[in-house]
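Subject: Structure handover

Hi,

Here is the structure I promised you. Please open it next to this email, and my notes follow below.

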Amino acid sequence: MKFLIAGLGNMDKEYLGTRHNIGFDVIDEIAGKLQVTFTTANYAHIAYASYKGRKIVLIKPTTYMNLSGKAIKFWLQKENVKIENLFVVLDDLNLPFGKIRIRPNGSDGGHNGLKDIQENLISSNYARLRVGIGNTFPKGRQVDFVLGKWNAEELKLLNQIKVLAAESCLSFCFAGIQNTMNMFNSRSITAE
């Protein structure tokens, strides 16, 4: 069986270490765990891995967050991966920092990356992992917050969050969506 795990983010250096790029960070965490490296190909940085007998294609689209659908559609078709074996990792303002939520499908929830994926795939029936970034910003400062760097308190927990999210991605490939939701949706990383 083959799976496509796609992290959402923006490639430019100015976006490194920002909340909006947590999707890329989780993909990097998986690549490190599985000891694979990325090459640049059509619309994405891509790495191939295997885990417990499953073939996994990891991608970080180079199309910018809001145009991620083009890259995901291309690699689903090129690698002949079924839509039910797609797992998209993204940031979520509506979840508290440290919380992750896995869903088998759903709306874009106002996230432009998901909106573009839905438009390109003509479907919202794909699994996604939302990584909570919180919403502790003053009114009207949402963009600055999302595109801002993690603060010192967040950085203390960030590695644990990335590890938890990466484990849930691998669980999706091995144990399936339902078991993964049961195992991970109740978990969160919080300060002691």
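Phe97 sits in the loop that runs between β5 (86-92) and β6 (100-103). Keep in mind that this is a predicted model. Phe97 and Ile133 are 36 residues apart along the chain, yet their C-alpha atoms are separated by 4.3 Å. What else does Phe97 touch, leaving aside its neighbours within four places in sequence? Its contacts are Gly132, Ile133, Gly134, Trp150, Glu154, Leu157, Ile161 and Ile189.

Now to strand β5 itself, where Val88 is found. Val88 has a relative accessible area of 0%, so it counts as buried. Leaving aside neighbours within four places in sequence, Val88 is in contact with Ala6, Leu8, Ile72, Leu114, Ile117, Tyr126, Ala127, Arg128 and Leu129. Take Ile72 from that list. Val88 and Ile72 are 16 residues apart in sequence, and 9.1 Å separates them from C-alpha to C-alpha.

Next, the aromatic residues. The structure holds six aromatic pairs. Here are two of them.

Start with Phe3 and Phe172. Their ring centres lie 5.8 Å apart and their planes stand at 80 degrees. Planes over 60 degrees apart count as edge-to-face, so this pair is edge-to-face.

Tyr43 lies in the loop between β2 (39-41) and β3 (44-51), while Phe74 lies in helix α2, so the pair ties together parts that are 31 residues apart in sequence. Tyr43 counts as partly exposed, at 31% relative accessibility. Phe74 is partly exposed, with a relative accessible area of 24%.

Helix packing comes next. Two packed helices are described by the angle between their axes and the distance between the axes.

Helix α2 (residues 68-78) packs on helix α3 (residues 112-121) at an angle of about 45 degrees, with the axes 7 Å apart. That angle makes α2 oblique to α3. The crossing of α2 past α3 is right-handed. On the α2 side, the contact is made by Ser68, Gly69, Lys70, Ile72, Lys73 and Leu76. On the α3 side are Asp116, Ile117, Asn120 and Leu121. By class, this contact of α2 with α3 has four nonpolar, three polar and three charged residues. Ile72 and Ile117 belong to this contact, and both also touch Val88.

Helix α5 packs with helix α6 (residues 177-184) at an angle of about 150 degrees, and their axes are 7 Å apart. How do the two helices run relative to each other? Angles over 145 degrees count as roughly antiparallel, so α5 and α6 are roughly antiparallel to each other. α5 passes α6 in a right-handed crossing. From α5, the residues that meet α6 are Leu164, Glu167, Ser168, Ser171, Phe172 and Ala175. Their partners in α6 are Ile177, Asn179, Thr180, Met183 and Phe184. By class, the contact of α5 with α6 has six nonpolar, four polar and one charged residues.

Best wishes

Terms used: Residues numbered from 1 in each chain as written. Predicted model: local features only at pLDDT ≥ 70, side-chain atom pairs only at ≥ 80, totals over all residues. Heavy atoms only, no water. Axes fitted to C-alpha atoms, helices over the stretch in contact; angles between N-to-C directions. Helix = DSSP H or I, 4+ residues; strand = E, 2+ residues; numbered from the N terminus. Parallel < 35°, antiparallel > 145°, perpendicular 65-115°, else oblique. Left-handed = near helix turned anticlockwise from the far one by under 90°. Contact = heavy atoms within 4.5 Å. Nonpolar A, V, L, I, M, F, W, Y, C, P; charged D, E, K, R; others polar. Phe/Tyr/Trp six-rings, centres within 6.5 Å; stacked < 30°, edge-to-face > 60°. Buried < 20%, exposed > 50% of the residue type's maximum accessible area, 1.4 Å probe, protein only.
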